[in-house]
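Thanks, everyone. I have one structure to go through today, so let me put it up.

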Amino acid sequence: MKLFLKNTLLTILAVMGFVNVQAQESTKKRIDGIVGIVGNYVVLDSDIDNTFIQAKATGYDTSKFSRCELLGTLLENKLFSHQAIQDSIVVTDDEINGMMDSQIDRMVEQAGSIDNVVKYYNKKNYEEFRGYFFDIMKENQLASRMQEKLTSDVKITPEEIRQFYNNIPKDSLPMIGDQIELSEIVMKPVVTKEERQAVIDKLNEIRQDILDGSSFASKVYVYSEDKGSLQTGGFFSLDKKSQFVKEFKDTAFSLKEGEISKPFETEFGYHIILLERIVGKNLEVRHILMSPKPSQESLDKAQKDLDDLRIRILNKEITFADAARQYSQQKETKQSGGIITDKNGDTRFELNRMEDRIMYSMVSNLKVGEISPTTQVADGNNTQYRIIQVTNKIPQHVADFSNDYMQIRSVALRSKQNEVVAKWISDTVDDTFIQINDEYQNCTFKSNWLKK
C-alpha cells in the first residue's frame, strides 16, 4: 500500500470530514459487524466502506486497492494505537478537544450546519457524535506518535542513498517537475522599547491574574498569538530533544510543577509558560505568546527601505547577494547571500508543488535574474517585507543522482523508515492479541495478521 494509506488513514476517515455525502448514501448498506480486533481496538466493516468513500473523494484511485488491503492498513493503525498505550505515550484530552474543535469547524463550513454533520455520521445528537469523533481523533494521534517514535532516530548515509538510487531500474526513474532556485532579502519594521515593554507588562498582568485563580487555558484563548497551540489551550508535551528554540526549552526545564515563568523573549516574541506536569522525561506545559506590534510609521519605513534597495540592485549598484549579506534581516538566509533552502537543505523547489502560495505568486512568472516587487508577508504574528530573485530554473527531467540528490535522499529516507516500521509491525503482531473475521481469512496480508 502507499505511504498515504499507512500514515493518514484515520485522518481520511475522520479529519477530512464532511465530503461526498451522496456517495456514502448510495453505497450498499452492509451489516456493521466487527471484522478485526487488535488488542483492545476493533475494526468494523463500515470502517472499510468509509475508507473507500473518503479515499475516492480525496482523489485516490480506489480501484487500485482491495478490501483486504484496506483492512490490513486499518489493522496497522490499531496496532500503532494499542502499542502507544503500552509504551505510555501521552495524548491528553485537552489536545484532542482542541483539534476536534478546529476540525468540526471545517466540517460545519463544508456541510452547512452541525446538524448536517451529525446526520452524516448517523449519530443521534451532537454529544454522541462528539464522543465518537473524540475516540477516532485520539486513536489517530496515538498511532501518529507511535510512528514518530519508531522513525525519529532513523538516519541514512550517502552510501545507502547511492545504493537506493542504483537499485531503481533505469526505465522506472521518476520524473522531476520544473524546478526553481531562489534568493531573498527581508526587511523587518523596527519595534521600539516602549512597544516591547507594553507586551511584557501585559504578560505580567496575565500571569498575576492566573496566580490569583484565573484559568491559564482561558487566557490562552483570549491573548495567545500562537495559532498552532491555540486550539489546545496552549498545551503541548516536550522533552529535551523537542524542536523548540533554546530559550523556550531552558525556561520550561527550569520550572517546578505548577510554576509559571516570568515573561521571556524568543525570536517569536514574548512568552509565559505554565509547567503543569512532569511525566518521565517529558514536560506537559501551556504557554502564551504575545509579540510587540510595530507602528504604521515603522512598517512604511521598512517597505520604503526595501523598495529603495531593490532599485539599487536593478540599477546594478549592488548585486542581490551582496545586498542580502549587508541588509537582509532574515538570519537563516543572510550569510548565504539570500539563498532559500527547504527544511532538508535543498535549494531547488518544484514549482507546481510549492506549499507557500505567496512565494509561488511572487516568483511563478519571473525569468532567471528577475526580482519580485516588494511584498508584505507574515512571519508568524509579525509583518515583514520581502523581495525574491529567481537565480536558476531547471526544466522537467528524469531524476539524476548528482543533480537531484536531495530529492532522492528524501525518498530513500522514507523507504528506510518504512522498512523499520514494517519490521516493527512483524515483530509486534506476534506478541499482540489479534482476531480476524472468517470473511477475511483468505486475504493475503503483508503482515501476519492471520498468524499462520
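To start with a question: how much space lies in the second largest pocket? This is a predicted model, and in it the volume of that pocket comes to about 1300 Å³. Its lining has 32 residues, and those closest to the centre are Glu148, Ser237, Asp239, Ser242 and Asn282.

Where does the lining come from? At least two residues each are supplied by α5 (93-111), α7, α11 (227-230), β5 (235-238) and β8 (282-290). The biggest contributor is α7, with five residues.

The largest nonpolar core has 45 residues, and the members that touch the most others are Ile48, Leu71, Phe80, Phe129, Ile425, Ile436 and Trp449. Helix α7, residues 126-151, gives the most to this core, namely eight residues.

Leaving aside residues up to four places away in sequence, Trp449 is in contact with Val38, Gly72, Leu75, Glu76, Leu79, Ile425, Val429, Ile434 and Ile436. Another core, of 14 residues, lies apart from the largest one, and its members include Met187, Leu299, Tyr385 and Ile387.

Last, confidence. The chain has a mean pLDDT of 86, with 92% of its residues at 70 or more. Over residues 1-31, pLDDT stays under 50. For that stretch the model has 79 contacts beyond four places in sequence.

Terms used. Residues numbered from 1 in each chain as written. Predicted model: local features only at pLDDT ≥ 70, side-chain atom pairs only at ≥ 80, totals over all residues. Heavy atoms only, no water. Core = buried A, V, L, I, M, F, W, Y, C linked by side-chain atoms within 4.5 Å. Buried < 20%, exposed > 50% of the residue type's maximum accessible area, 1.4 Å probe, protein only. Helix = DSSP H or I, 4+ residues; strand = E, 2+ residues; numbered from the N terminus. Contact = heavy atoms within 4.5 Å. pLDDT = per-residue confidence, 0-100. 1 Å grid on protein atoms, 1.4 Å probe; cavity = no way out; pocket = protein on both sides within 12 Å on 5 of 7 lines; lining within 4 Å. Points joined across faces, edges and corners; volume = space filled by probe spheres on them.
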